[in-house]
Amino acid sequence: MKKIAIIGGGNLGTAIAEGLLKSKFSKASEITVTRRNTSVNPLKPLGIDITSDNNAAVKRSDVVILAVKPFQTVELLKTIKKDLSPGKILLSVVTGVTLHEIETAIDKKVSLFRAMPNTAISIQQSMTCLCHQHAKYEDVKYVEELFNKLGKVVFIDEKLMEAATILGACGTAYAMRYIRANIQGGIEIGFDAATASLIAAQTVKGAAELLLVKKSHPEQEIDKVTTPKGCTIAGLNEMEHRGFSSSLIRGIVASYQKIAKD
Ligand SMILES: NC(=O)c1ccc[n+]([C@@H]2O[C@H](COP(=O)([O-])OP(=O)(O)OC[C@H]3O[C@@H](n4cnc5c(N)ncnc54)[C@H](OP(=O)(O)O)[C@@H]3O)[C@@H](O)[C@H]2O)c1
């Protein structure tokens with residue numbers, strides 16, 4: 001079992017630690033989490049202590065997961081680089097900091113990974129996009145297994161990391177808006193808010209599962225629920241006349257243009 005240091009025990013760092021414990025990928029004694037303010041530790045009930053000693057955490061670990069804010073990353077890497085001995089895995093979940101920038105900051109070659117998960121990682125249902133450089137085959141397999149415990153994994157070219165941020169991470173917000181609109185519609189046709197929320201969320205979850213389990217195309221599943229002259233096709237066509245698909249595609253492209261520009 002590899003020892004893991006999570007540098008930056010904030011929202012994402014904590015969610016990763018929780019997921020690794022709950023999935024039994026790691027034991028509490030194998031995980032060290034760091035942050036500067038150690039008085040805040042939501043992981044204490046799970047038996048994980050938080051330390052502010054990044055160097056000691058890196059030294060005792062085989063895998064270092066970096067989960068600080070983008071602007072903190074390079075400075076932090078410079079303070080831990082002496083402890084990143086060959087053979088360790090360095091994995092960054094920091095948005096927008098490239099593998100090249102990380103390697104320049106540490107000034108050495110280690111098995112290096114970037115991951116783009118989403119907030120569903122807190123319930124082990126993340127979609128995580130991964131890329132790597134100078135990584136050994138067994139390290140790639142290890143990191144794949146780690147994130148498989150926290151949801152689903154796909155390996156991509158690093159040049160697609162911004163696109164992954166939009167579709168995979170911002171995608172959670174787009175899906176929430178879609179569900180919220182369903183709830184609003186559901187209330188207008190007679191449900192109380194709680195019942196409408198349950199029906200909308202479970203229906204969207206079931207629809208997504210149909211695609212993931214059956215590996216079918218959305219249109220195949222739509223064909224199964226659209227009776228000729230029926231209510232489903234009437235509603236769907238009205239949504240399309242109002243620009244449903246077009247507005248989603250344009251929203252995704254607008255988000256991408258924004259991330260590419262910044
Ligand atoms: N949240 C998401 O869904 C998500 C998804 C994909 C990627 N990301 C990326 O993940 C990173 C973390 O996001 P987040 O939402 O978890 O942010 P966050 O809640 O602000 O967590 C950052 C953590 O880093 C700690 N920290 C800062 N400087 C440190 C240092 N020198 N040594 C040790 N710990 C330090 C902070 O605690 P102290 O201030 O106490 O030190 C804080 O707990 C970001 O780069 C973000 O872009 C987030």
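Predicted model: local features only at pLDDT ≥ 70, side-chain atom pairs only at ≥ 80, totals over all residues.
Me: Is Lys229 buried or exposed?
Reply: Exposed means over 50% relative accessible area, buried under 20%, and partly exposed in between (1.4 Å probe, protein chains only). Lys229 has 87% relative accessibility, so this residue counts as exposed. Residues are numbered from 1 along each chain as its sequence is written, and side-chain values use heavy atoms, leaving out hydrogens and water.

Me: Where is Lys229 found?
Reply: Look in the loop between helix 8 and helix 9 (231-241). Helices (H or I, at least four residues) and strands (E, at least two) are DSSP runs, numbered from the N terminus. The protein has ten helices and eight strands. Lys229 has a phi near 65°, a positive value in a residue other than glycine.

Me: Which loop holds Lys215, and what is its phi?
Reply: Lys215 sits in the loop between helix 7 and helix 8 (218-225). Its phi is positive, about 55°, although Lys215 is not a glycine. With a relative accessible area of 69%, Lys215 is exposed.

Me: How many salt bridges are there?
Reply: The rule asks for a side-chain nitrogen of Lys or Arg within 4 Å of a carboxyl oxygen of Asp or Glu. By this rule there are ten salt bridges. One of them joins Glu221 and Lys224, at 3.2 Å from N to O. Glu221 and Lys224 are three residues apart in helix 8, so about one helical turn separates them. Glu221 counts as buried at 12% relative accessibility, whereas Lys224 counts as exposed at 54%.

Me: Which parts does the salt bridge between Arg114 and Glu158 tie together?
Reply: These two side chains meet at 2.8 Å, N to O. Arg114 lies in strand 6 (residues 111-116) and Glu158 in the loop between strand 8 (151-155) and helix 6, so the pair links parts that are 44 residues apart in sequence. Arg114 is buried, at 5% relative accessibility, and Glu158 is partly exposed, at 24%.

Me: How are two packed helices described?
Reply: By the angle between their axes and the distance between the axes. Here, helix 6 (161-188) packs against helix 10 (residues 244-261) at about 135°, with the axes 10 Å apart. Axes are lines fitted to C-alpha atoms over the stretch in contact, and angles run from 0 to 180 degrees between N-to-C directions. Under 35 degrees is roughly parallel, over 145 roughly antiparallel, 65 to 115 roughly perpendicular, and the rest oblique. Helix 6 and helix 10 are therefore oblique to each other.
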